[in-house]
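Below is a set of questions and answers on how the labels given to a structure follow from their definitions.

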Amino acid sequence: MGQKRIVGVSAILIATTCFGFLGLFNRFLQNDFGLASIDVTFVRLSVASIVLLIVLAIFAPKTLHITLKDIPYIILFAVFKLLSDLFLFNAQTTTSLSLATLLQMTSPYFIMIFSFLIFKERITAKKFIAAIVASIGCVLVTHVVTGHLSLDAAGILSGIMSGLCYGLFLLGNKVYYDRGMNPAASLFYTFAFASVMILPFIHFEPLGNAFTDVTGLGACIVFGIILTLVPFYLLAISLRYLEPTTVSVLGVMELVASTMVGFFFFNEVLEPIDIGGILLVIAAIFIINAEIFLWFRKKYGEYRHVPDKPEKEHSDTYTMGRTLDEDIRNRK
């Protein structure tokens, strides 16, 4: 269980780091080619679905098979993903960006509630404390404490709904993976259905300019593959080994990555309050994954060489390691 949990944590941390670079390419496509937020969303979903279809058709065509029972789930996940993005975009236009981002980070609380009701997942003190610590970190990084906020009721409601829909998207994927659906196939159908849903609302002229320009096409490809397809696939892997609540808390690391991108690429000032928020988010990661660090320390400690009684010590440490792994499994 320890190794699988490490894989899940590594996957979600890499994914959130990729998501942190979304703002860099989003600003480039909007500023240089005039794409609207809904157009950028279409670029992400359509490029990712086309590339994933090609890969699956060549290397794993059998995974593309779905049943009629799968279609309602896929449509539902696509709706949750689209609504999450659209509510977030609306919140960003009607209230401050910092408040919109913070409100979307309420997803861990929604996931805790729905995980308890649907999966009977136990809400431990560790998970609750980690969610609180991570949320405080978000408050500091987004300067909600010191900033001047626009208290637009519709914007605040949109931000909260974005967090709710994103949480439902994560939970929906967890249900689907438990049904035995291949993660890559699930992503393809979710992206494909979402692309079709959003198609009537996009602006074709700026999209055409972006796709016919060499630099713009390169940005769209990176945007769809490296910053969308890869992190979402890693997110799917993490959901196979971690509880939805844990994934949502670790996902807050995206805010830290975005802050660092703003600092290095857009000369945004990294103030002490930002550093304090980053440290709190990292602390939340340590809290939620305390078992991993305990497992690492004791796992590698069991192989210490003792010259006096190597055989007996080897036998004893093997028993200790086996007992530790069994104990971790029992506690989980």
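Q: How far can the predicted model be trusted, and what is counted in it?
A: This is a predicted model, in which local features need pLDDT of at least 70 and side-chain atom pairs count only at pLDDT 80 or more, while totals for chains, interfaces and linings use all residues. Residues are numbered from 1 along each chain as its sequence is written, and side-chain values use heavy atoms, with hydrogens and water left out. pLDDT is the predictor's confidence in each residue, from 0 to 100. The protein averages 77, and 80% of the residues score at least 70.

Q: How many helices and strands does the protein have?
A: It has 16 helices and zero strands. Helices (H or I, at least four residues) and strands (E, at least two) are DSSP runs, numbered from the N terminus.

Q: What share of the residues counts as buried?
A: Of the 332 residues, 46% count as buried. Buried means under 20% relative accessible area, exposed over 50%, and partly exposed in between (1.4 Å probe, protein chains only).

Q: Why is the pair of phenylalanine 19 and phenylalanine 232 called edge-to-face?
A: Rings of Phe, Tyr and Trp (its six-membered ring) pair if their centres lie within 6.5 Å; planes under 30 degrees apart count as stacked, over 60 as edge-to-face and the rest as tilted. The structure holds eight aromatic pairs. In this one the ring centres are 5.1 Å apart and the planes stand at 70°, so the pair is edge-to-face. Phenylalanine 19 is in helix H1 (residues 2-19) and phenylalanine 232 in helix H11 (residues 214-241), 213 residues apart, so the pair links distant parts of the chain. Both rings also belong to one aromatic cluster, formed by Phe19, Tyr166, Phe169, Phe191 and Phe232.

Q: Are phenylalanine 19 and phenylalanine 232 buried or exposed?
A: Phenylalanine 19 has a relative accessible area of 8% and is therefore buried. Phenylalanine 232, at 4%, counts as buried too.

Q: What makes phenylalanine 28 and phenylalanine 33 an edge-to-face pair?
A: Their ring centres lie 5.7 Å apart and their planes meet at 80°, so the pair is edge-to-face. Phenylalanine 28 is partly exposed at 24% relative accessibility, whereas phenylalanine 33 is buried at 15%.

Q: How do you know that the buried residues of H2 are on the same side?
A: In H2 (22-33), Leu22, Leu29 and Phe33 are buried. They cover an arc of only 65° around the axis, which puts them on the same side; the arc is that of the directions from the helix axis to the C-beta atoms. What covers them includes H1, H3, H10 and H11.

Q: Why are the buried residues of H10 said to line one face?
A: Helix H10 (residues 204-212) has Pro206, Leu207 and Ala210 buried. Seen down the axis they fall within an arc of 100°, so they line one face of the helix. The face turned away from them carries the exposed residues Phe204, Glu205 and Thr212.

Q: Why is H9 described as largely enclosed?
A: Of its 16 residues, 13 are buried, so H9 is largely enclosed by the rest of the structure.

Q: What makes phenylalanine 77 buried, and which residues does it contact?
A: Phenylalanine 77, in helix H4 (residues 70-94), has a relative accessible area of 2% and is therefore buried. Contact means heavy atoms within 4.5 Å. Leaving aside neighbours within four places in sequence, phenylalanine 77 is in contact with Phe169, Gly172, Asn173, Tyr176 and Thr190.

Q: Is threonine 41 buried or exposed?
A: Threonine 41, found in helix H3, is buried, with a relative accessible area of 5%. Beyond its neighbours within four places in sequence, threonine 41 is in contact with Leu82, Asp85, Phe89 and Ile198.
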